[in-house]
Amino acid sequence: MFGFFPLILSAFLLGLGFYLLLQVLARKEPANLLRGSMGWPLFGETLGFLKPHRSNSMGSFLQEHCSRYGRVFKSHLFGSPTIVSCDHELNMVVLQNEEKLFQVSYPKAMHGILGKFSLLIVSGDVHKKLRNIGVSFITSSKSNPEFLDCVEKMTISMMNSWKNCKEIGFYKEVKKFTLNLMVKHLLSIEAEEPLAFKILEDFLTYMKGFVSLPVYLPGTPYASAVKARARISATVMEIIKERRKEKLGPVKGDFLDAILSKENLSDEKTVSIVLDMLLAGYETTATLMALIVYFLSLYPNVLEHLKQEHNAIRKTKENGEPLNWEDYQKMEFTCNVIYESMRCGNVVKFVHRVALQDVKFKGYFIPSGWKILPVLTAVHFDPSLHENPMEFNPWRWTDKATSKKVMPFGGGPRLCPGADLAKVEIAFFLHHLVLNYRWKTMADDFPLAYPYVEFRRGLLLEIEPVQAKAGKIET
């Protein structure tokens with residue numbers, strides 16, 4: 001029996017060698033391809049590309065490759081030959097030519113977590129229809145007095161809960177805030193309900209596996225995330241069934257009601273778009289809020305200017321009078337702070353696309369079938385586009401040309417549909433935060449790109465209440 005072992009081992013090694021040889025041969029490249037490195041067989045340069053680094057920097061991988069090969073180079077990432085673009089003009093061409101020259105192309109492993117009808121994955125008419133549903137509801141919601149009142153009351157409730165605290169884990173707190181706000185707005189579930197807590201727990205598990213190593217083994221973050229998504233989907237499906245039973249009763253007027261009453265969607269697509277809205281309104285908004293608070297702690301001159309803007313708004317209102325849409329429209333510097341935090345903090349580092357045909361642009365050649373990753377981070381720190389790009393400077397946004405040099409909300413037909421809603425939520429939250437609290441961050445607590453943004457210590461803040469100027473609202 002043991003005499004066969006060397007023979008079996010030799011056959012295995014021979015087969016492995018033959019497989020790797022085929023992989024190398026399959027990488028036969030066009031003669032006019034860009035410079036770069038394809039890295040190791042199978043793995044390519046994926047591990048180096050995903051190496052954690054400060055989110056307010058490009059990271060060593062991109063710095064070294066851009067220095068060696070230029071701002072657009074070839075690599076082998078996520079199992080595919082890839083063009084990496086740190087060039088703003090090329091990135092714009094890629095994002096604005098969706099379904100013409102390029103198409104969305106996320107790794108297969110992400111499909112198991114996102115679901116086959118996720119806005120991140122679908123394309124063509126399905127994407128257009130689902131996106132339009134989301135945009136329509138957001139457009140009608142962002143200035144709706146009931147929504148604005150809900151945002152402010154939940155903000156004040158959270159601020160009041162900190163009164164006797166000397167330290168808070170801010171990132172965890174704002175994740176709770178944004179998810180509670182979204183489940184209320186989308187599904188009419190109150191923050192105190194057990195169902196809200198259940199959804200929050202599942203979403204935390206879901207996000208941990210969102211960009212983890214895609215290994216479906218019991219106990220792995222990826223496997224746990226797939227199961228968490230299934231539980232959230234089942235929860236939303238149960239709510240849909242209950243709504244259909246109660247369709248002759250009072251209309252709740254939330255996002256789910258809008259879909260069920262006006263749109264002819266399958267249950268699977270309905271669940272998917274609800275989860276997409278929850279994901280976008282929860283994770284990305286909370287991350288941006290944490291980045292803003294982090295940068296404000298480092299730049300006291302910015303914080304002081306922000307306070308002045310909100311004090312001026314507060315002086316025009318009676319004590320306890322709620323904010324409204326007209327107040328939001330006065331928050332110009334606040335919006336500049338939000339934009340600059342996105343530029344410097346980089347909630348989204350890159351996006352996935354694939355070339356549908358051979359593409360030539362500015363001397364760059366992208367072969368048909370190759371992946372291309374437009375790297376948004378690199379453009380945000382490009383010194384040819386931004387003066388002192390590493391400096392947090394909201395005043396740069398007073399120049400309208402700045403908005404054409406960055407892509408914090410993506411671009412083209414996949415421009416973030418919830419951007420306007422997120423800005424309103426954040427602006428109202430900042431109004432009460434800067435007028436009611438002082439805070440300090442820890443020296444070793446900074447944002448890291450994994451590539452998703454995380455804080456080393458959860459953005460632990462030392463907080464101190466100041467004399468309330470924002471007034472009180474009964475909650």
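This is a chat about a predicted model of one protein chain.

Visitor: What is the chain's secondary structure made up of?
Guide: The protein chain has 17 helices and 13 strands.

Visitor: How much of the chain counts as buried?
Guide: Of its 475 residues, 52% count as buried.

Visitor: And the accessible surface, what does that come to?
Guide: About 22,800 Å² for the protein chain, and 57% of that belongs to carbon and sulfur atoms.

Visitor: What share of the contacts with a separation of 6 or more comes from residues 24 or more positions apart?
Guide: Those pairs account for 72% of such contacts in the protein chain.

Visitor: OK, new topic. How many disulfides does a search of the whole structure find?
Guide: The search comes back with 0 disulfides.

Visitor: Which cysteine sulfur is closest to the one in Cys 66?
Guide: That would be the sulfur of Cys 86, at 3.6 Å, which is too far for a bond.

Visitor: Which cysteine does UniProt list, and for what?
Guide: Cys 416 is listed there for "binding site", and the entry is an unreviewed one.

Visitor: Where does Cys 416 lie?
Guide: Look in the loop between helix H16 (376-380) and helix H17 (419-436). Cys 416 is partly exposed there, with a relative accessible area of 31%.

Visitor: Let's talk charges. How many salt bridges does the count come to?
Guide: The count is 21 salt bridges.

Visitor: Which residue does Glu 98 form a salt bridge with?
Guide: Its partner is Arg 353, and the closest N and O atoms of the pair are 3.3 Å apart. This pair links distant parts of the chain, 255 residues apart. Glu 98 sits in the loop between helix H4 (88-96) and strand E4 (102-104), while Arg 353 belongs to strand E6 (residues 353-355).

Visitor: Buried or exposed, those two?
Guide: Glu 98 counts as buried at 8% relative accessibility, and Arg 353 is buried with a relative accessible area of 3%. The cut-off for buried is under 20%, so Glu 98 and Arg 353 both fall below it.

Visitor: What about Arg 231, which side chain does it meet?
Guide: Arg 231 meets Asp 202 in a salt bridge, at 2.9 Å from N to O. Arg 231 is in helix H10 (residues 221-245) and Asp 202 is in helix H9 (residues 194-208), so the pair ties together parts that are 29 residues apart in sequence.

Visitor: How exposed or buried are they?
Guide: Arg 231 is partly exposed, with a relative accessible area of 37%. Asp 202 is buried, at 7%.

Visitor: Which residue pairs up with Arg 244?
Guide: Asp 267 does, in a salt bridge of 2.8 Å from N to O. Arg 244 is in helix H10 and Asp 267 is in helix H12 (residues 267-298), so to speak two distant parts of the chain, 23 residues apart. Arg 244 is partly exposed at 39% relative accessible area, and Asp 267 is partly exposed at 28%.

Visitor: Which residues are linked in a network of salt bridges?
Guide: Asp 87, Glu 89 and Lys 362 are linked that way.

Visitor: Last one. Where is Glu 454?
Guide: Glu 454 is in strand E12 (residues 453-455), and is partly exposed with a relative accessible area of 24%.

Visitor: What does Glu 454 touch, leaving out residues up to four places away in sequence?
Guide: Glu 454 touches Tyr 171, Lys 175, Phe 446, Pro 447 and Leu 448.

Visitor: How are Glu 454 and Pro 52 placed?
Guide: They are 402 residues apart along the chain, and their C-alpha atoms are separated by 9.8 Å.

How values were computed. Residues numbered from 1 in each chain as written. Predicted model: local features only at pLDDT ≥ 70, side-chain atom pairs only at ≥ 80, totals over all residues. Heavy atoms only, no water. UniProt positions renumbered as here; feature names shortened; annotations may be inferred. Helix = DSSP H or I, 4+ residues; strand = E, 2+ residues; numbered from the N terminus. Buried < 20%, exposed > 50% of the residue type's maximum accessible area, 1.4 Å probe, protein only. Disulfide = S-S within 2.5 Å. Contact = heavy atoms within 4.5 Å. Salt bridge = Lys/Arg side-chain N within 4 Å of Asp/Glu carboxyl O. Areas by Shrake-Rupley, 256 points an atom, 1.4 Å probe, with all protein chains shown as cover.
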